[in-house]
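Thanks, everyone. Let's get the structure up on the screen, and then I'll take you through two places in it.

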Amino acid sequence: MSRLHTENHLVSRIGWLRAAVLGANDGIVSTASLVVGVASASAGSSEVLVAGIAGLVAGAMSMAAGEYVSVSSQSDTEQADLGRERKELETQPEFEREELAQIYVARGVAPELARQVADQLMAKDALGAHAHDELGISEMTTARPSQAALTSAATFAVGAALPLLMVIVSPANLLVWTVSVASLLFLALLGAVGARAGGANVARATLRVTFWGAFAMALTAGIGAVVGTAV
């Protein structure tokens, strides 16, 4: 008999990995774009730094609030579905047992065996069985609002701090180019790390985040230059 082994599936990382990559990506892109836009309007380094710090704080709070609200909505929906399922299990258990069995039949299990499986799973944890197989809710994918909010806020702040560091170390006349190039490198690294952690294609993920980061910075730099010239 082959030795049993424990498998660590990457899907278990979906909750925190999505929030972490989203937060860090937004932190780099939004702060770098803000810095480049303000710097293109001929502002001094101190004004650019103040604008960047304000963007970091506001962005981190916005990310935390947005993630908490959106993931809380998902959690509320899950809880509503579970509440309805719990009530149905209390009032019509036979119908629910047959419903679960038919799910297994649709997946290719023989009808008699499917009913046996449904009986055994419901005897152990009826709600858990229906949550997993009927509603698609599992421990790995269930919504966690606080985790998503804290992860997004922290990673946004870390991502936003990188372009700000470039503002501090860069000569004033090279600030736009220094922040832009460094931020694109940071984004490329983020794309590669995120893809690696999630088991995705590294090259595709790196190109995706770098392209959209470059587009955002180019757009804000152009707007900043136009506004600066007009003013």
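**An aromatic cluster and a helix crossing**

Phe211, Trp212 and Phe215 form one aromatic cluster. Keep in mind that this is a predicted model.

The structure holds 2 aromatic pairs. Take Phe211 and Trp212: ring centres 5.0 Å apart, planes at 80°, so this pair is edge-to-face. Now Trp212 with Phe215. Here the centres lie 5.9 Å apart, the planes again make 80°, and the pair is edge-to-face. Trp212 and Phe215 are 3 residues apart in helix α7, residues 202-230, so about one helical turn separates them.

How accessible are these side chains? Trp212 has 53% relative accessibility, so it counts as exposed; the cut-off for that is over 50%. Phe211, at 48%, counts as partly exposed. Phe215 is at 45%, and it also counts as partly exposed.

Next, the helix crossing. Which way do α3 and α4 run relative to each other? Helix α3 spans residues 93-106 and helix α4 spans residues 111-133. Their axes come within 8 Å and cross at roughly 110°. Angles of 65 to 115 degrees count as roughly perpendicular, so α3 and α4 are roughly perpendicular to each other. The crossing of α3 past α4 is right-handed.

Who is in that contact? On the α3 side, the residues include Pro93, Leu100, Ile103 and Tyr104. On the α4 side, they include Val117, Leu121, Met122 and His130. By type, the contact of α3 with α4 divides into 13 nonpolar, 2 polar and 7 charged residues.

Note on methods. Residues numbered from 1 in each chain as written. Predicted model: local features only at pLDDT ≥ 70, side-chain atom pairs only at ≥ 80, totals over all residues. Heavy atoms only, no water. Axes fitted to C-alpha atoms, helices over the stretch in contact; angles between N-to-C directions. Helix = DSSP H or I, 4+ residues; strand = E, 2+ residues; numbered from the N terminus. Parallel < 35°, antiparallel > 145°, perpendicular 65-115°, else oblique. Left-handed = near helix turned anticlockwise from the far one by under 90°. Contact = heavy atoms within 4.5 Å. Nonpolar A, V, L, I, M, F, W, Y, C, P; charged D, E, K, R; others polar. Phe/Tyr/Trp six-rings, centres within 6.5 Å; stacked < 30°, edge-to-face > 60°. Buried < 20%, exposed > 50% of the residue type's maximum accessible area, 1.4 Å probe, protein only.
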